[in-house]
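Subject: Structure handover and notes

Hello,

Here is the structure for you to look over. My notes come after it.

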Amino acid sequence: MAKNLNAKSVKKALPINIYGDEIGAYIEECRQFVARARRQEVIVEENGAAHKTKSRYATSRRSPGEETDLDAREKALRKLESDLAKREVELIEREIKYYGAQQELDRLRPLSGLYRVVKAMATERKLEALLDTITRETQTMLKCDRCSVFVLEPRGDELWSQVAQGVGAGTVIRVPLASNSVVALTARSAQVINIPDAYSDHRFDSEVDKQTGYLTRNILCVPLTNRKGETIGVFEVLNKSGGPFTEEDEEWLKGLAAVAAGLIEQAQSYEEIEHFVDKTLETLAQTIDKRDPLTAGHSIRVTRYSILIGEAMNIPEGDMDVLRYAAMMHDYGKIGVPEAILWKNGRLTPEEYALVQTHAKITYDLLSNLPFTRRLSEVPFVASCHHEKLDGSGYYRGLKGQEIPFLARIITVADVFDALTSVRHYRNRMEIAKVAEIMESGRENHFESELIDAFFRLPADRVLKVMESERGQVVPAELDLFQAITWQRLVELTDGAKAQPHEEELKDLFERIYNAGLPDDYQALD
Ligand SMILES: [Fe+2]
């Protein structure tokens, strides 16, 4: 093989991955080339260029001129050998530097991973996303195949994988606390467990591998503990590449477990507070609803309808919380309206109606006293706007169009719909076609048109499930049959539209459910 061995070609011939056998192979190839040149199988010129000889030199027939040529070639060969030796040294030096850089990278890998974890903590609020980052970085830092964070259920008898890297997306692993699993053992003992060879360790139960088809080689588990020192979960890493987990790995995982535990504890506390606030507001709202058995559940239903519309309108998550609390509390001001008026079995006088109207302002005044967080600061205003109308004829501020918060416009639709489809002192549930007519006639003067559209496009079963919760009884299972049609279609069917095969019986079924269980002494006033 002829080869041009000048500096350019050597540089070009350098393998991209300069460590390993490729370097050795290349140097060997160069050496063989020199040997062949010495055997005069190739001609080497002074500039290092080489090509095959046309015929093998016969030294016995050398002429004086040929002797000079031989000297020149010998000189060129020596130079080539010298260059080769220098390049070999250069290559080895580069190789050493590369190894050094690799070692430095290995040393820095955990630090760079930690940097990304800290950065995520500063920018990401959602626990799931944070744990996802932590486990992904841990996987890289510890060079392991699987990495999971298990959280202990509040009732304390099961651990479940809040995040799991290396297993199928969306897979949740559940581990009974009383089981033989190393995760459960870690949670029970609250000790770090490092198993270098799973199949030779009595603490490892190979049943799990048999069930999942996974081959566990080594395991490192670190308990997650809260500030009180109680175990709240387990951080598990499996199958380190290139050998068992080291003491250094243990230290890293303990640090990461402390971070994860802190985040989980914080999220759990936040959830508990949120649940407490939710339940407190729900209870406050019910104290108003329950003053009158016929309006019981109104606030909760309005909240549920509002959420259905909000979801259909894809409103941001933060706004959904404002919507939920505002809808829940929208009628709270009724606490300031005399029961004799609220419960009046007949039409209200103008004076009485004016008194009822004060509830929107009272809602605002009372809710404004509550220390809502900045995120929820709009709740009092939104809640107090639920009787405003787009044309400005509503109360209590007489706001118009865009002056009315969008979320309040959602609550308005939900509130009116619930009022019309609920039994009231002065009337039965209104016929559904008439309800639709009233909603339609309110487009652009009372209601936001796109919200009416969104409501009518809702799957009928979801609307009916909220509606039927009014009676405080078990929601009929047949309501699932209404998944197939929208609320709009249900209205059309009740209005005499020709039913498609899959819609047959839905109309009768709906009417049976809608009109069931009315009070025996009910007297319609409308
Ligand atoms: Fe109201």
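Below is what I found, starting with the overall picture and ending with single residues.

This is a predicted model, in which local features need pLDDT of at least 70 and side-chain atom pairs count only at pLDDT 80 or more, while totals for chains, interfaces and linings use all residues. Residues are numbered from 1 along each chain as its sequence is written.

Overall picture

The protein has 18 helices and eight strands. Both are DSSP runs numbered from the N terminus: helices are H or I with at least four residues, strands are E with at least two. Of the 526 residues, 29% are buried. Buried means 20 or more other C-beta atoms within 10 Å of the residue's own; exposed means 12 or fewer; partly exposed is in between; C-beta atoms are placed from the backbone. Among contacts with a separation of 6 or more, 60% link residues 24 or more positions apart. Two residues are in contact if their C-beta atoms, placed from the backbone, lie within 7 Å.

Cores

The largest nonpolar core has 50 residues. A nonpolar core here is a set of buried Ala, Val, Leu, Ile, Met, Phe, Trp, Tyr and Cys residues joined through C-beta atoms within 7 Å. Ala326, Met329, Val413 and Ala414 have the most contacts inside the largest one. Helix α13 (residues 406–420) supplies the largest share, eight residues. Domain 3 (290–458) and domain 4 (460–517) both contribute residues, so this core lies between them. The domain bounds come from an automatic or database domain assignment.

A second, separate core has 43 residues. Cys144, Leu152, Val183 and Ile193 are among them.

Back to Met329. Apart from neighbours within four places in sequence, Met329 is in contact with Leu281, Leu284, Ala285, Thr363, Leu367, Val379 and Ala383.

Helix packing

Axes are lines fitted to C-alpha atoms, for helices over the stretch in contact, and angles run from 0 to 180 degrees between N-to-C directions. Angles under 35 degrees count as roughly parallel, over 145 as roughly antiparallel, 65 to 115 as roughly perpendicular, and the rest as oblique.

- α8 and α13: the axes of α8 (residues 298–312) and α13 come within 8 Å and cross at roughly 130°. That makes α8 oblique to α13. On the α8 side, the contact residues include Val302, Tyr305 and Ile309. On the α13 side, they include Ile410, Val413 and Phe417.
- α8 and α9: these axes also come within 8 Å, crossing at roughly 155°. α8 is therefore roughly antiparallel to α9. Ser299, Val302, Thr303, Ser306, Ile307 and Gly310 of α8 meet Met320, Leu323, Arg324, Ala327 and Met328 of α9.
- α7 and α9: α7 (residues 247–289) packs against α9 (residues 317–329) at about 25°, with the axes 8 Å apart. The two are therefore roughly parallel. Leu281, Glu282, Leu284 and Ala285 of α7 make the contact with Tyr325, Met328 and Met329 of α9.

Backbone points to check

Most residues other than glycine have a negative phi, and most peptide bonds are trans. These spots depart from that pattern:

- Tyr395 and Tyr396 are joined by a cis peptide bond, with omega about 10°. Tyr396 is in the loop between α12 (379–384) and α13.
- Lys143 is not a glycine, yet has a positive phi of about 50°. Lys143 is in the loop between α4 (127–141) and β3 (144–152). Lys143 counts as partly exposed because it has 16 C-beta neighbours inside 10 Å.
- Ala190, also not a glycine, has a positive phi of about 55°. Ala190 lies in the loop between α5 (182–189) and β6 (193–195). With 13 C-beta neighbours inside 10 Å, Ala190 counts as partly exposed.

Ile485 touches Ala460, Leu490, Glu503 and Leu506, leaving out residues up to four places away in sequence.

Gly336 lies in the loop between α9 and α10 (339–342). With 14 C-beta neighbours inside 10 Å, Gly336 counts as partly exposed. Beyond neighbours within four places in sequence, Gly336 is in contact with Thr358, His359 and Ile362.

Best wishes
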